[in-house]
Amino acid sequence: MLRFALLAGAMLAGTHALAAPQAAPRDEFYWLGEINKASAVINTEQHLLDPALAPRIAQGLDAVLRAGDQPGAKRPTLVITFEPLLIQAAGVEATLLHAGRSSQDMLATVRAAIIRDEMLRLAEALRKTTATMVRLARAHEGTVVPNYTNGVAAQANSYGHYLLGHVAGLTRDAERLRQAFARLDRSPMGTTVLNGTSWPLDRSRMAAYLGFPALVDNAYDAAQISATEIPVEVGAVATAIALHCGAFVEDVMTQYAQPRPWILLREGGGNTYVSSAMPQKRNPGLLNDTRAEASRVLSLGIGRAIQAHNIPPGMSDAKTVRDNAAVLAGATRMLELWDRALNALVISPERALEELNSDWTASQELADVLMRRYALPFRAGHHFASEIVDYARAHDIRPSDFPYAKAQNIYERTLHEMSLPAAPLPMSEAEFRQTLDPVAIVRNRATTGGPQPAEMARMLDAADRAVAGEAAWIAEQRGRIDAGLASLDRDFGRLLAQAPH
């Protein structure tokens with residue numbers, strides 16, 4: 001016991017001689033310490049640990065944890081490397097804490113706790129990026145731009161509406177994250193290896209101390225099934241976010257191939273970089289980095305399923321904290337880069353409108369208006385609009401310059417080709433021109449979920465509420481975890497205070 005006293009005294013003296021250390025990282029060493037602290041408190045109160053020994057064991061544990069918190073100190077990550085330090089500090093009696101425990105349920109709990117923290121960091125990065133996108137959507141509610149399908153300019157749309165489409169995807173990502181988090185956020189502690197233990201451990205109180213709201217119910221499931229399954233689900237969540245990120249980046253990158261893009265990155269600040277050979281180039285470095293990070297996340301996320309494939313239950317292949325945390329940390333970095341890119345976007349409404357008016361993205365509206373107002377069958381209207389586009393492109397005519405007389409002529413020919421009764425084009429010239437106006441097309445959309453002002457206002461408000469709800473959920477989870485750990489610190493402190501000084 002003299003050895004323990006000298007060691008503990010040296011540890012405590014060293015601690016007092018240093019400036020107040022920074023908060024310890026919540027790594028494997030930290031969570032092994034919290035599990036041991038909780039075991040000491042709970043098992044003492046339930047008389048599974050001799051109350052006469054418990055304060056001395058708590059003192060040794062506290063010395064080990066304080067020593068591990070010092071700069072450059074070793075922080076063991078495994079039960080079998082943590083326990084020798086505890087024995088050295090408090091004697092072999094300290095292993096009485098191990099009653100009814102195993103490395104399997106302890107490390108399953110450690111991994112769940114670490115991944116839980118990483119998921120909340122990812123949730124916050126996702127919330128921030130989504131909030132930025134909603135802010136931009138509100139700012140560009142009335143900015144009319146081309147949208148593309150199959151890589152080709154397809155229709156006019158509000159850029160704000162386009163962004164809200166991406167927000168909808170990110171909102172589903174947040175929902176998937178919350179659902180996966182709920183399945184992760186359960187305590188395996190007390191399940192031992194396969195089928196529990198004969199020691200009557202209080203699993204629920206252990207879970208509460210460690211900030212878990214529920215238990216992994218089945219003891220076999222705890223370390224054999226769910227411990228391998230959860231990393232795969234976490235990888236799938238990160239993969240879904242990466243897919244959304246990559247799609248957005250590629251859409252912006254398309255503009256960089258144009259001589260006069262309508263959307264670019266603001267130069268400077270690490271957003272772009274110059275070519276070493278070609279003076280005119282401003283390469284979109286930030287977009288490249290964001291896409292590259294998304295590709296890494298995708299590789300790591302899919303790798304979780306590959307590593308968990310075709311192994312017997314309980315194997316450690318897919319459980320490694322380093323690999324699973326890397327998926328989430330990568331996804332968090334990706335979102336941080338994406339958020340930077342969103343804040344660096346420079347959009348030219350004038351150039352976007354110029355592109356719309358230089359092509360025939362409004363041609364579908366001709367068919368729609370002819371059917372809606374004049375009962376012309378859609379396929380006939382589509383054929384009429386297609387013939388106009390073919391003629392315009394063959395003669396290099398912009399929509400705003402298309403001769404109304406020629407439109408009348410094409411309309412009459414279309415009716416003949418479609419075996420419909422002869423009739424003049426029912427649109428006046430003014431109506432014909434307005435139908436080809438991209439701004440009017442966006443403004444006059446009528447269906448739920450469209451870019452018209454009333455629907456944009458509704459969807460923007462809903463997006464703001466979703467972002468606020470996500471912030472509240474993150475705060476609630478963090479608050480619960482921190483409250484459990486604070487409660488453990490208080491109760492362990494009372495046990496520690498009983499130790500001889």
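Visitor: To begin with, in which helix is the place of A341?

Guide: This is a predicted model, and in it A341 belongs to helix 10, which covers residues 321–344.

Visitor: Why is A341 called buried?

Guide: A residue counts as buried when its relative accessible area is under 20%. A341 has 3% relative accessibility, and therefore it counts as buried. Leaving out residues up to four places away in sequence, A341 touches L265, L286 and L287. Its C-alpha atom is separated by 27 Å from that of E455, which is 114 residues away along the chain.

Visitor: What makes the protein chain more spread out than a compact globule, and how many helices and strands has it?

Guide: The protein chain has 17 helices and eight strands. Its radius of gyration is 32 Å, whereas the globule rule gives 23 Å for 501 residues; the value is well over the rule, so the chain is more spread out than a compact globule. Along the principal axes, its C-alpha atoms fill a box of roughly 105 × 50 × 40 Å. Of the 501 residues, 50% count as buried.

Visitor: How do you know that the buried residues of helix 11 line one face of the helix?

Guide: The buried residues of helix 11, which covers residues 349–358, are R351, A352, E355 and L356. Viewed down the helix axis, they fall within an arc of 140°, so they line one face of helix 11. Their cover includes strand 1 (144–149), strand 2 (152–158), helix 8 (219–255) and helix 16 (438–443).

Visitor: Where is the place of M427, and what makes it buried?

Guide: M427 is found in the loop between helix 14 (404–417) and helix 15 (429–435). Its relative accessible area is 1%, which is under the limit of 20%, so M427 is buried. Leaving aside neighbours within four places in sequence, M427 is in contact with L366, V369, L370, Y374, Y404, F432 and T435. The C-alpha atoms of M427 and P76 are separated by 79 Å, and these residues are 351 apart along the chain.

Visitor: Where does H47 lie, and why is it assigned to the class it has been given?

Guide: H47 lies in the loop between helix 2 (28–45) and helix 3 (54–68). Its relative accessibility is 64%, a value over 50%, so H47 counts as exposed. Although H47 is not a glycine, it has a positive phi of about 65°.

Visitor: Finally, how many positive and negative side chains has the protein chain?

Guide: The protein chain has 50 positive and 54 negative side chains, and the centres of the two sets lie 3 Å apart. Its accessible surface comes to about 23,000 Å², of which 57% belongs to carbon and sulfur atoms.

Definitions and conventions. Residues are numbered from 1 along each chain as its sequence is written. This is a predicted model: local features need pLDDT of at least 70, side-chain atom pairs count only at pLDDT 80 or more; totals for chains, interfaces and linings use all residues. Side-chain values use heavy atoms; hydrogens and water are left out. Helices (H or I, at least four residues) and strands (E, at least two) are DSSP runs, numbered from the N terminus. Buried means under 20% relative accessible area, exposed over 50%, partly exposed in between (1.4 Å probe, protein chains only). Contact means heavy atoms within 4.5 Å. The radius of gyration is taken over C-alpha atoms; the globule rule is 2.2 Å times the number of residues to the power 0.38. Accessible areas come from the Shrake-Rupley method with a 1.4 Å probe; for residues, only the protein chains shown count as cover. Lys and Arg count as positive and Asp and Glu as negative; His and the chain ends are not counted. The place of a charge is taken as NZ of Lys, CZ of Arg, CG of Asp or CD of Glu. The arc is that of the directions from the helix axis to the C-beta atoms.
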